[in-house]
Amino acid sequence: MTPRRHSFIRRASAAGLLLSLALVAGCATTANSPSLFVLDSSPGTADAAPQPGAPTLMVAPVSTASYLDQGGLVYQTGPHKVVIANDNRWASSLSGQLTDDLYATLDQRLGGINVVRANSHQHDVYQLQTHVDQFLGHYDGNAHIAGRWTLIGPNGDTLAARAFTRRVPLKSDGYPALVSSLSSGWHAIGRDMAPALAQTIKSRGSGS
């Protein structure tokens, strides 16, 4: 098949959208090298010195549904079908990128709490566990993100659990626009997490 540029979400009409997605699905392989994408960096701050006496939140690695962890960007072409774009891929592990961005967002927003990355030597800390079920483009013209986060206390008890979902419109056609919308949505989810995490942790004191 002659290599062609992938076209993503078309807003002109449902028929045009389904046609463009069919063309994408039909061009599963190309002779060109795959395009590689990274999420926009969250506007976090440099790692600060620990605050003595402040509670510590460890951001565990974000887990993803298995179909999101195949390396290619994912989009949904119909109610029951998703397609993995093998020639439009994440430049590094999606789980790792989601974890880095979430850490940076929370580190910036959780004042009075030491936010740290996962480390086997950490004890008596709060732990944030996050699972992502959806992180994809959708035939409705939006990027879809959904999942759940859980806050675990120093004693291993579940202190809070919340589901999250977000739809972010694509500003234009193409995978760069999809990645931009996914990035924007993920940053917003991190910002939304911060108040609930801060309230729960601070109400418990410094780790008792």
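The crossing of helices α2 and α3 is right-handed; a crossing has this hand if the near helix is turned clockwise from the far one by less than a right angle, and is left-handed if anticlockwise. The model is predicted: local features need pLDDT of at least 70, side-chain atom pairs count only at pLDDT 80 or more, and totals for chains, interfaces and linings use all residues. Residues are numbered from 1 along each chain as its sequence is written, and side-chain values use heavy atoms, with hydrogens and water left out.

**The helix pair**

Two packed helices are described by the angle between their axes and the distance between the axes. Here, the axes of α2 (residues 94-109) and α3 come within 9 Å. They cross at roughly 45 degrees. Axes are lines fitted to C-alpha atoms, for helices over the stretch in contact, and angles run from 0 to 180 degrees between N-to-C directions. α2 and α3 are therefore oblique to each other. Angles under 35 degrees count as roughly parallel, over 145 as roughly antiparallel, 65 to 115 as roughly perpendicular, and the rest as oblique.

From α2, the contact uses L98, D101, L102, T105, L106 and R109. From α3, it uses W186, H187, G190, R191, M193, A194 and L197. Contact means heavy atoms within 4.5 Å. By class, the contact of α2 with α3 has seven nonpolar, three polar and three charged residues. Ala, Val, Leu, Ile, Met, Phe, Trp, Tyr, Cys and Pro count as nonpolar; Asp, Glu, Lys and Arg count as charged; the others, Gly among them, count as polar.

**The whole chain**

The protein has three helices and nine strands. Helices (H or I, at least four residues) and strands (E, at least two) are DSSP runs, numbered from the N terminus. The elements run α-β-β-β-β-β-α-β-β-β-β-α from the N terminus on. Of the 208 residues, 47% count as buried. Buried means under 20% relative accessible area, exposed over 50%, and partly exposed in between (1.4 Å probe, protein chains only). Among contacts in the protein with a separation of 6 or more, 70% come from residues 24 or more positions apart.

**Aromatic pairs**

A search of the whole structure finds five aromatic pairs. Rings of Phe, Tyr and Trp (its six-membered ring) pair if their centres lie within 6.5 Å; planes under 30 degrees apart count as stacked, over 60 as edge-to-face and the rest as tilted. The rings of Y75 and Y175 have centres 6.3 Å apart and planes at 55 degrees, so this pair is tilted. Y75 lies in strand β4 (residues 72-78) and Y175 in helix α3 (residues 175-203), so the pair ties together parts that are 100 residues apart in sequence. Y75 is buried, at 1% relative accessible area. Y175 is buried too, at 2%.

F135 and W186 form an edge-to-face pair, 6.4 Å centre to centre, with 90 degrees between the planes. F135 lies in strand β7 (residues 126-138) and W186 in helix α3, so the pair ties together parts that are 51 residues apart in sequence. F135 is buried, with a relative accessible area of 2%. W186 is buried, also with 2%. W90, F135, F164 and W186 form one aromatic cluster. W186 also belongs to the contact of α2 with α3.

**Three further residues**

L39 lies in the loop between β1 (35-37) and β2 (56-59). Not counting residues up to four places away in sequence, L39 touches W90, Q97, L98, D101, F135, V179 and S183. Of these, W90 and F135 are in the aromatic cluster, while L98 and D101 are in the helix contact.

I84 lies in strand β5 (residues 81-90). Leaving aside neighbours within four places, I84 is in contact with Y67, Q70, G72, L73 and V74. L36 is found in strand β1. Again leaving aside neighbours within four places, L36 is in contact with R89, W90 and A91.

The table gives accessibility and one C-alpha distance for each.

| Residue | Relative accessibility | C-alpha to C-alpha distance |
|---|---|---|
| L39 | 7%, buried | L39 to S92: 9.8 Å, 53 residues apart in sequence |
| I84 | 28%, partly exposed | I84 to Q70: 7.8 Å, 14 residues apart in sequence |
| L36 | 54%, exposed | L36 to G72: 9.0 Å, 36 residues apart along the chain |
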